[in-house]
Amino acid sequence: MSEEILDPIVISEQQFDKAAAHIADLKTGLIDYLKQPNRTHIINFPVELDDGSVKTIQCFRVIHNRVFGPGKGGIRYHPDVTVDEVTSMAELMTWKCALVNLPYGGAKGGVICNPKELSSNELRHITRRFTSELASIIGPSTDIPAPDMYTDEQTMAWIFDTYDRLNPGKNNRPVVTGKPISLGGSLGRREATGKGCMFAAQRFLSKALIPEQQEIAGARVVIQGFGNVGAVAADEFFRQGATIIALSDSKGGIYSKVGLDPEQVAAFKAEHGTVVGMPDTLTISNEELLELDCDILIPSATAMQIHQHNAGNIKARLIVEAANNPTTPAADEILQKRGIYLIPDILANAGGVTVSYYEWVQNSANEQWELELVNQKMQKRIYEAVDAVFDYWQGCVVGENPVESKDEKTTIENAPDFRTVALIIAIKRVADATLMRGIWP
Ligand code: NAD
């Protein structure tokens with residue numbers, strides 16, 4: 001096998017093409033349109049640091065598609081974030097929103113900076129300046145940011161405040177989601193992505209594709225990344241009766257055969273800044289963690305963690321992609337051949353954008369919903385999306401849905417993997433809506 005190209009744009013394109021091959025009536029010109037971002041904003045501005053020095057910051061906001069509604073997508077602060085990575089994640093948002101039937105298009109933002117080396121004042125300056133540069137682009141009906149890696153409720157509060165000052169006299173709360181509750185954030189938003197992963201896994205397991213693991217209870221679970229998403233996922237799976245045997249963050253991983261208590265690990269991390277060193281655990285690397293013998297593996301950190309060179313060593317029966325793009329196309333093929341199921345990012349982590357949508361609805365109506373209502377609505381939507389993907393996949397297995405295969409037989413081995421099926425459904429929805437609206441002029 002030749003060396004795979006670890007470029008986010010190439011990966012998005014490969015994933016799209018694999019799905020599009022199953023959609024017989026997709027117009028060629030439309031394919032080009034659906035693959036490209038509508039707009040890409042690249043912004044450079046100076047900020048003054050606490051020591052009086054000046055640093056130039058580069059930021060991106062990419063709007064991939066707005067056929068179904070305003071752009072929607074998080075903003076990532078990371079020293080290595082690139083415009084290509086942001087573009088591929090904006091495209092993922094388009095498919096994610098379409099898959100869970102949200103009235104949004106896809107967008108994403110990135111700021112090249114290292115939040116671990118910046119003070120709160122410096123982060124506030126960067127966020128306010130970035131927001132003011134985006135003032136004519138973002139808006140409650142045009143493009144609505146949210147948190148992503150290394151951005152949080154505080155970041156969203158600054159974005160809201162800046163936008164509100166620039167647009168006085170209006171209800172500006174729906175301009176950004178993931179806000180603190182006191183500023184119009186939704187109950188359950190912080191936990192939504194991790195909880196949504198649990199709902200997706202729960203529903204998927206109930207389909208009995210893994211006969212000996214039809215529920216989360218009893219599963220041995222490994223989670224890479226212990227941030228907003230990974231820590232909540234750990235908690236949710238633990239509460240459902242899973243044994244969390246390993247966890248990690250950017251500094252390394254910890255393993256315990258008898259299982260970790262996520263609450264205790266969170267307390268340790270709050271005190272020590274990392275999970276590494278937690279008493280009664282074995283320290284392991286992030287690479288070793290991915291290859292541990294377990295039932296469910298949940299990548300919840302960065303992209304391209306499961307690739308051509310380690311996919312053959314993965315021992316999990318099910319991968320639940322809490323992170324965006326953690327698995328490469330070459331790895332997808334290896335995993336499928338090895339009979340390892342995977343719930344793709346656009347399904348597994350869609351709980352976050354779903355509750356962001358509920359926050360936007362609540363803000364627009366000046367309401368605050370009960371936590372139980374938020375969770376019930378999100379669970380229903382994730383279950384429905386899992387059912388839609390599973391039913392289409394089953395249609396492929398029994399030969400009701402078209403299968404792009406050299407082999408005449410339609411079997412589980414020939415059916416597209418679950419990422420491809422999820423993309424087929426989402427791409428079809430966006431393509432149909434584009435044509436239904438009519439090409440302008
Ligand atoms: P976060 O910043 O809260 O946490 C990231 C975690 O990953 C931290 O524990 C960090 O130490 C760890 N990490 C970073 N680099 C690592 C590496 N190389 N190896 C192992 N661990 C590493 O971010 P988050 O909001 O939890 O986002 C995590 C992932 O989930 C991202 O891929 C993000 O795009 C995706 N996601 C987040 C949301 C959301 O609502 N926050 C929604 C959908 C998808």
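Select the ligand first: of the 22 residues around it, Asp148, Thr193, Asn228, Ala301 and Asn324 come nearest, a residue being near a molecule if one of its heavy atoms lies within 4 Å of it. The model is a predicted one, in which local features need pLDDT of at least 70 and side-chain atom pairs count only at pLDDT 80 or more, while totals for chains, interfaces and linings use all residues. Residues are numbered from 1 along each chain as its sequence is written, and side-chain values use heavy atoms, with hydrogens and water left out.

**Stop 1: the ligand and its shell**

Colour the shell by residue class. Seven of its residues are nonpolar, eleven are polar and four are charged. In this scheme Ala, Val, Leu, Ile, Met, Phe, Trp, Tyr, Cys and Pro count as nonpolar, Asp, Glu, Lys and Arg as charged, and the others, Gly among them, as polar.

Next, display the backbone of tyrosine 150, where a polar atom is 2.9 Å from an oxygen atom of the ligand. At valine 229, a backbone N or O atom lies 2.9 Å from a ligand oxygen. Serine 250 likewise places a polar backbone atom 2.9 Å from an oxygen atom of the ligand. Taken alone, the ligand exposes 830 Å², and the protein buries 89% of that; these areas come from the Shrake-Rupley method with a 1.4 Å probe, and for residues only the protein chains shown count as cover.

Now show the secondary structure. Helices α6 and α7 (228–239) each supply at least two residues of the shell. Helices (H or I, at least four residues) and strands (E, at least two) are DSSP runs, numbered from the N terminus.

**Stop 2: glycine 194**

Move to glycine 194, which is found in helix α6 (residues 189–205). Is this glycine buried or exposed? Glycine 194 is buried, at a relative accessible area of 1%; buried means under 20% relative accessible area, exposed over 50%, and partly exposed in between (1.4 Å probe, protein chains only). Select Val229, Val232, Ala233 and Glu236 to see what glycine 194 touches, not counting residues up to four places away in sequence. Contact here means heavy atoms within 4.5 Å.

**Stop 3: salt bridges**

Side chains of opposite charge can pair when their charged atoms come close. A salt bridge is a side-chain nitrogen of Lys or Arg within 4 Å of a carboxyl oxygen of Asp or Glu, and by this rule the count comes to 24.

Select glutamate 212 and arginine 317, whose side chains meet in a salt bridge at 2.4 Å, N to O. This pair links distant parts of the chain, 105 residues apart: glutamate 212 is in the loop between α6 and β6 (220–224), and arginine 317 is in the loop between β10 (296–299) and β11 (318–320). Glutamate 212 is exposed at 56% relative accessible area, whereas arginine 317 is partly exposed at 30%.

Proceed to lysine 269 and aspartate 249, a salt bridge with its closest N and O atoms 3.0 Å apart. Lysine 269 belongs to helix α8 (residues 262–272) and aspartate 249 to strand β7 (residues 243–249), so that the pair links distant parts of the chain, 20 residues apart. Lysine 269 is partly exposed, with a relative accessible area of 23%, but aspartate 249 is buried, with 8%.

Salt bridges that share partners join Arg76, Glu85, Lys108 and Asp148 into one network.

**Stop 4: threonine 94**

Select threonine 94 in helix α3 (residues 83–99). This threonine is buried, with a relative accessible area of 2%. What does its side chain meet in a polar contact? The partner is the side chain of histidine 64, at 2.7 Å. A polar contact is a pair of N or O atoms within 3.5 Å; within protein, one must be able to donate a hydrogen and the other to accept it, and residues adjacent in sequence count only if both atoms are side-chain atoms. The threonine 94 side chain also reaches the backbone nitrogen of glycine 106, at 3.2 Å. Leaving aside neighbours within four places in sequence, the contacts of threonine 94 are His64, Asn65, Gly105, Gly106 and Val430.

**Stop 5: helix α10**

Finish at helix α10 (residues 329–337), where Pro329, Ala330, Ala331, Asp332, Ile334 and Leu335 are buried. These buried residues pack against α1 (8–20), β11, β12 (341–343) and α14 (418–437). Just after α10, select glycine 339, which takes a positive phi of about 75 degrees.
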